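Here are my notes on the model, point by point. Have the sequence and the 3D view open as you read.

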Amino acid sequence: MSKKESYEQRTEELITPILERNQFELVDVEYVKEGAEWYLRAYIDKEGGITVNDCEVVAREMNEILDQEDYVEGSYIFEVSSPGLGRPLKKEKDYVRAMGKELEIRTYRAINREKEFYGQLKAYDDTSVTIEKEDGTEMVFDKKDIALIRLAFDF
């Protein structure tokens with residue numbers, strides 16, 4: 001397991017009890033470098049959406065735990081955030097919640113000269129995703145070929 005994966009996994013383990021007490025859901029944890037800084041981010045959600053105050057409650061409690069546990073080498077910035085509208089589907093529960101809804105899928109390589117697809121999520125498993133396009137045809141994608149998959153949203 002890489003350092004990145006171990007930091008993310010340990011953070012998930014430590015933050016889960018805080019989220020359960022507050023009836024929040026953990027969407028994702030990431031440890032990433034942006035510019036010269038490292039960031040450890042937790043994305044949380046709840047029915048009706050997350051507020052800034054919700055993020056603050058979790059961040060305060062988690063910061064104390066991070067100081068005590070001290071498992072991340074070097075300096076980093078810890079953030080708690082809402083996943084936002086364009087959050088990607090990553091976990092089983094994301095796919096369950098998106099079943100029957102309109103998705104946007106972007107592929108690494110063009111399929112029939114296109115890399116961007118829209119359709120209703122019809123099925124998924126460990127290796128593939130099936131959508132039904134507006135014209136009623138179905139498309140099956142290998143998950144390894146998907147660069148981005150998220151709920152589609154109109155403005």
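1. Let's start with the largest pocket: its lining has 9 nonpolar, 3 polar and 5 charged residues. In that sorting, Ala, Val, Leu, Ile, Met, Phe, Trp, Tyr, Cys and Pro are nonpolar, Asp, Glu, Lys and Arg are charged, and the others, Gly among them, are polar. The lining has 17 residues in total, and Asp45, Gly84, Leu85, Arg87 and Leu151 lie nearest the centre. Helix α3 (residues 92-98) gives the largest share, 3 residues. The space inside comes to about 290 Å³.

2. Before going further, some ground rules. This is a predicted model, in which local features need pLDDT of at least 70 and side-chain atom pairs count only at pLDDT 80 or more, while totals for chains, interfaces and linings use all residues. Residues are numbered from 1 along each chain as its sequence is written, and side-chain values use heavy atoms, with hydrogens and water left out. Pockets come from a 1 Å grid over the protein atoms alone: a pocket is an open set of points where a 1.4 Å probe fits, with protein on both sides within 12 Å along at least five of seven lines, and lining residues have an atom within 4 Å of a point. Grid points are joined across faces, edges and corners, and a volume is the space filled by probe spheres set on the points.

3. On to the second largest pocket, with a volume of about 240 Å³. Its lining counts 15 residues, and Leu89, Lys90, Tyr95, Lys143 and Ile149 are the closest to its centre. Which strand gives the most to this lining? That would be β8, with 4 residues; α3 and β8 (146-151) each supply at least two. By class, the lining has 9 nonpolar, no polar and 6 charged residues.

4. Now the overall layout. The protein has 3 helices and 8 strands, in the order α-β-β-α-β-α-β-β-β-β-β along the sequence. These are DSSP runs numbered from the N terminus, with helices being H or I of at least four residues and strands E of at least two. The C-alpha atoms fill a box of roughly 55 × 30 × 30 Å along the principal axes. Of the 155 residues, 37% count as buried, where buried means under 20% relative accessible area, exposed over 50% and partly exposed in between (1.4 Å probe, protein chains only). Among contacts (heavy atoms within 4.5 Å) between residues at least 6 apart in sequence, 51% join residues at least 24 apart.

5. Helix α1 deserves a look. Its 20 residues (3-22) should span 28 Å at 1.5 Å a residue, and the end C-alpha atoms are 29 Å apart, which agrees; the expected span is 1.5 Å times one less than the number of residues. There is a kink of about 35 degrees at isoleucine 15, shortly before proline 17. The bend is the angle between axes fitted to the seven residues ending at a residue and the seven starting there.

6. Which residues of α1 are buried? They are Tyr7, Glu8, Thr11, Leu14, Ile15, Ile18 and Leu19. An α-helix has 3.6 residues a turn, so residues three or four places apart point the same way. The cover over the buried residues of α1 includes β1 (25-34), β2 (37-45), α2 (52-69) and β3 (77-81). Lysine 4, also in α1, is partly exposed at 38% relative accessibility. Its C-alpha is 12 Å from that of arginine 41, 37 residues away in sequence.

7. Buried or exposed: what is threonine 107? This residue of strand β4 (residues 102-111) is buried, with a relative accessible area of 5%. Leaving aside residues up to four places away in sequence, threonine 107 touches Glu114, Lys115, Phe117, Phe141, Asp145, Ile146 and Ala147.

8. Finally, some backbone angles to check by eye. Just after α1, glutamine 23 has a positive phi of about 60 degrees. Aspartate 70, in the loop between α2 and β3, has a positive phi of about 45 degrees although it is not a glycine, and is exposed at 59% relative accessibility. Asparagine 112 sits in the loop between β4 and β5 (114-124); its phi is positive too, near 50 degrees, and at 69% relative accessibility it counts as exposed.
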